[in-house]
Amino acid sequence: MRGAQFPKGFLWGSATAAYQIEGSPLADGAGPSIWHRFVHTPGLVRDGDTGDVACDHYRRWADDVALMRRLGLQAYRFSISWSRILPAGTGAVNDAGLDFYERLVDALLENGIEPLVTLYHWDLPAALDDRGGWLNPEISKWFADYADVMYRRLDDRVKKWVTLNEPWVVSDGGYLHGALAPGHRNRFEAPIASHNLLRAHGAAVETYRATGHHEIGLVVNIEPKYRASEDPADVAATARAEAYMNRQYLDPVCLGRYPEEMAEIFGEAWPQWPARDLARIRQPIDFLGVNYYTRSVTRHDPNAWPLRACAVRQKQATYTETGWEVFPPGLTETLLWIKRRYGDIPLYITENGAAFFDPPTAKKGRVEDPLRVDYLREHIRAVHEAIRQGVDVRGYMVWSLLDNLEWSLGYSKRFGIVHVDFASLERTPKDSARFYAKVIATNGAVLEESPAAAS
Ligand code: BGC
């Protein structure tokens with residue numbers, strides 16, 4: 001590999017998620033999801049924002065695919081809304097929902113863009129939440145049945161499937177701290193939700209081996225933990241934080257066991273899980289998707305519930321609009337750590353990006369976002385460094401294609417490389433999109449140029 005050139009066939013793309021961009025959540029027979037309920041509960045989402053319109057991608061998908069083509073994207077990672085396909089979560093299939101995703105996949109392929117399909121990016125059918133949601137052990141079967149509907153309809157065209165996006169966020173945000181749908185705050189529920197997420201992942205992979213012919217994997221968010229000091233309390237706190245966020249899902253999937261620290265963190269709320277569950281969770285996967293945004297420097301904090309660990313703000317660092325430290329070496333370190341701990345599994349960066357304050361409106365068709373250009377340049381270089389050190393990284397997806405609904409932060413945080421004017425819904429590629437288009441066109445060679453020349 002010469003200079004910053006990436007391996008031949010390296011896949012460059014961008015990522016989105018259904019509820020964050022689609023809008024029209026109840027159109028054409030779709031059932032409500034837990035996010036539809038959550039945003040319509042006063043006080044839960046900043047400024048009362050909802051996904052009722054979002055980026056209106058549900059109606060503008062053809063224009064969005066044309067935009068992706070203009071940027072030269074080679075891949076597009078998106079998610080399926082379960083309740084468009086099965087309005088009640090199980091049972092009757094809604095053909096109109098399937099047709100929407102089928103049209104999208106066909107348009108992507110016609111434009112030479114490879115679809116990466118995520119089956120679950122947090123928008124559980126509300127009807128299943130009524131039956132206990134991720135707390136009901138039946139959910140592994142519900143999920144595998146839904147996955148099977150999708151495999152049967154699209155596996156002839158979709159070559160890369162993802163079961164779950166970031167199970168840690170589903171459990172931590174949805175069941176432990178409650179900032180995300182369904183908004184529970186319960187130490188006893190979070191371990192159960194985590195375990196059922198893993199069981200659902202295992203069941204969907206098992207089903208894929210019977211029905212599908214290509215590749216299936218899991219997407220996890222990894223945030224490397226650096227200890228704030230060598231004080232034994234900080235060392236132990238860092239190990240807990242690392243187990244909770246980075247190993248809680250990967251250890252069961254790749255090694256067939258939970259990290260020991262889980263019982264220490266959850267105490268009496270951590271059950272003894274049956275060995276047969278772990279055997280089914282440990283299904284071989286074809287690739288692992290890694291979402292990387294930041295690191296955390298960790299110290300002991302007796303008041304941080306239930307982890308007894310917290311992040312220490314760094315004085316000399318740059319922080320994004322979501323309060324995350326910009327730390328590109330953490331991405332190289334993450335990729336090397338995965339290889340060391342779990343072996344040579346093919347990896348994709350399935351999300352990486354940043355919210356910065358962008359001008360709210362485009363001026364003369366331009367949006368300048370120099371901090372995002374820098375962020376992308378340095379993180380893509382960090383990926384390159386991991387490849388140089390022998391990690392099998394096969395692709396990179398920017399989060400996100402479009403400014404979109406940043407969950408409970410509403411539209412207040414812009415992650416897109418394409419600006420969306422939420423009044424007119426007009427799309428304007430930001431400078432970061434132009435920069436990324438050059439990265440793709442040169443397969444990374446543009447990263448060798450000085451920042452001024454390259455952006
Ligand atoms: C999620 C995205 C989210 C992004 C930025 C990831 O955790 O998969 O849906 O918008 O981070 O917060």
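In the predicted model, the lining of the second largest pocket comprises four nonpolar, three polar and four charged residues. The volume of this second largest pocket is about 190 Å³, and its lining is formed by Ile222, Pro224, Lys225, Tyr226, Arg227, Thr238, Glu242, Asn246, Glu333, Thr334 and Trp337. Strand β6 and the helices α10 and α14 each contribute at least two residues to the lining of the second largest pocket.

The two helices that take part in this lining also pack against one another: α10, spanning residues 232-247, and α14, spanning residues 329-342, are set at an angle of about 85°, with their axes 14 Å apart. Because angles of 65 to 115 degrees count as roughly perpendicular, α10 is described as roughly perpendicular to α14. On the α10 side the contact is made by Glu242, Asn246 and Arg247, which meet Trp337, Arg341 and Tyr342 of α14. By class, the residues of this contact between α10 and α14 divide into two nonpolar, one polar and three charged. Glu242 and Asn246 of α10 and Trp337 of α14 belong to the contact of the two helices, and Glu242, Asn246 and Trp337 are also listed among the residues lining the second largest pocket.

Strand β6, residues 225-227, is paired in the parallel sense with strand β8, residues 296-300, over three bridges. Within this pairing, Arg227 has Thr298 of β8 as its bridge partner, and Arg227 is also one of the residues that line the second largest pocket. Strand β8 is in turn joined by three bridges to strand β9, residues 309-311, the two strands running antiparallel. Here the bridge partner of Thr298 is Ala311 in β9, so that Thr298 is a bridge partner in both pairings, of Arg227 in one and of Ala311 in the other.

The largest pocket has a volume of about 1200 Å³. Its lining consists of 48 residues, of which Trp168, Glu223, Met245, Thr294 and Trp324 lie nearest the centre of the pocket. Helix α8, residues 167-176, helix α10 and the strands β8 and β9 each supply at least two residues of the lining of the largest pocket, and α8 gives the most, with five residues. Classified by residue type, the lining of the largest pocket holds 26 nonpolar, 13 polar and nine charged residues. Helix α10 is thus represented in the lining of the largest pocket and likewise in that of the second largest pocket.

Technical notes
Residues numbered from 1 in each chain as written. Predicted model: local features only at pLDDT ≥ 70, side-chain atom pairs only at ≥ 80, totals over all residues. Heavy atoms only, no water. Axes fitted to C-alpha atoms, helices over the stretch in contact; angles between N-to-C directions. Helix = DSSP H or I, 4+ residues; strand = E, 2+ residues; numbered from the N terminus. Parallel < 35°, antiparallel > 145°, perpendicular 65-115°, else oblique. Contact = heavy atoms within 4.5 Å. Nonpolar A, V, L, I, M, F, W, Y, C, P; charged D, E, K, R; others polar. 1 Å grid on protein atoms, 1.4 Å probe; cavity = no way out; pocket = protein on both sides within 12 Å on 5 of 7 lines; lining within 4 Å. Points joined across faces, edges and corners; volume = space filled by probe spheres on them.
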